[in-house]
Amino acid sequence: SFGLSKNLPEPIPMSRGQMSGNKADQVFENQIEEGFFGEGAGMNAMTVLKQKQKDAIDENIGKFQDELAGGNPMIGRNDMGEDVQTALDIKRTAEYDKADKLYKEARALDPVLVNADDVTRIHTKMLDNYTAQFGKINSPKTFEHIEEFGKAKTIREIFEIRQRLTTLSNKGEDSERGASGSMVAVIDSELDDLANTILKQGWKDKMIPDNVAKWFDAISSYKAYAQKWNDGILDVITKKKPNGEFETSAESVANKIFTLSAVSWAGKNNFHRSLETLKKSLDPSEWNKIQQEAFIRLMDMGRRGENFSGKTFSKNFEMLKEKAPKSMDILFGKEFLNKVTQFSKIAEKVTNTAKNTSRSASSLLNMLWMGLGGQKLTMMTLGLNTQYKNIASIRGSNRINYDKQMFDPKGVKEPSSGVGLTTGFGTTREDEGDPFMDRPRL
């Protein structure tokens, strides 16, 4: 009988050689599968076993994704892009509207004067940045707004200039867009210091006037918005063109988050920070779609066309756990990772077994001899080789009876690692005393 792996969503059938790891058994089983002894029940059994293993691996992958979904709908490859992008865009718009509302309320109140030294300091930084990266010839409109900033006397004037720069960065010519956007960034980086300076000027231990408090709230709110949405993975996913379309298509969202191959996660800088940001910014149901997409790409590491290489998957999976532990934990959690680890080890066992690459009888005998504990044969005598061929010839394509212990652990009818799947192939009376079938069990 074959054995079944335990503790997986879908048990995977295994041969004796796969369960024991004995290379001699694995080579022998490979010879049966390839019809070395002829096309009979044993060859058919190994063919059926391979197909059942392939089906069980696919079943496990599907059931693992279902478990990860946790009651949410299961998704296909790249299906999460539109939903995640839309959900984040709604949140970004809502947070921008909140910050903008505070600015509108502040602008409606009495003007709040700013210290001339603060204006000069910010103006100087803007000029330095502009001169180093751009130029008056290529972006004259941006330069005009910089000069206007140097004359500002109130916070309201500063934000009116900032608004004009923002509009230019979104709708201006390419050279103007880059220069004006850079100036907005300089202003934003100084807003918090400017607000704190205003609060400290004569208002210590006193009631802060409403117009000053409103501007402070507006500045703080916009700073929080800008830090969250104007950079990093959230900006990549939700940033829009002047015509209102997303710069990143819904189909490309998953690639922007994960890159094309999960193997690259190990070297992806700040990948875990991007995942943390997405997890905090999305509702659980939307975040789960990202988890499922990650799992699909994780399993791709073992895909070879229609087949699955447990060896390749296990190698890459262990590498990711070692080099990207934070990212893996954020995406899947330790308990789920432990289950996938067990799956990877079983998948490696059933898809990576020893084979008789020389396709010769002497090579197989050598492997069997080593399995019996003998030294590696440096020379195969003609007599031994002839005897082996005679044994194979006697069986013929339809008369071979395969050793039932080939598929069972030694001396155990019901494998300790699982339960029986089918009845085994035993020896007949003609096999009694056969030097091959009666070889010592490993």
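Which residues does Q65 touch, not counting residues up to four places away in sequence? With contact taken as heavy atoms within 4.5 Å, Q65 touches M74, I75, Q292, F295 and I296. Q65 lies in helix 3 (residues 41-69). Its relative accessible area is 9% and Q65 is therefore buried (buried is under 20%, exposed over 50%, partly exposed in between, with a 1.4 Å probe and protein chains only).

The model is predicted: local features need pLDDT of at least 70 and side-chain atom pairs count only at pLDDT 80 or more, while totals for chains, interfaces and linings use all residues. Residues are numbered from 1 along each chain as its sequence is written, and side-chain values use heavy atoms, with hydrogens and water left out. Helices (H or I, at least four residues) and strands (E, at least two) are DSSP runs, numbered from the N terminus.

**Helix 4 and helix 13**

The axes of helix 4 (residues 80-107) and helix 13 (residues 284-299) come within 10 Å and cross at roughly 145 degrees. Axes here are lines fitted to C-alpha atoms over the stretch in contact, and angles run from 0 to 180 degrees between N-to-C directions. On the helix 4 side M80, D83, V84 and A87 take part, and they meet E286, K289, I290 and E293 in helix 13. By class, the residues of this contact are four nonpolar, no polar and four charged. Ala, Val, Leu, Ile, Met, Phe, Trp, Tyr, Cys and Pro count as nonpolar, Asp, Glu, Lys and Arg as charged, and the others, Gly among them, as polar.

**Pockets**

A pocket is an open set of points on a 1 Å grid over the protein atoms alone, where a 1.4 Å probe fits, with protein on both sides within 12 Å along at least five of seven lines; lining residues have an atom within 4 Å of a point. A volume is the space filled by probe spheres set on the points, which are joined across faces, edges and corners.

| Pocket | Volume | Lining by class |
|---|---|---|
| Largest | about 1,200 Å³ | nine nonpolar, 10 polar, 15 charged residues |

The largest pocket is lined by 34 residues, and R92, T166, N170, Y225 and N230 lie nearest its centre. Helix 4 is among the elements that each supply at least two residues of this lining, as are helix 7 (155-171) and helix 9 (210-229).

In the second largest pocket, helix 3 gives the largest share of the lining, six residues.
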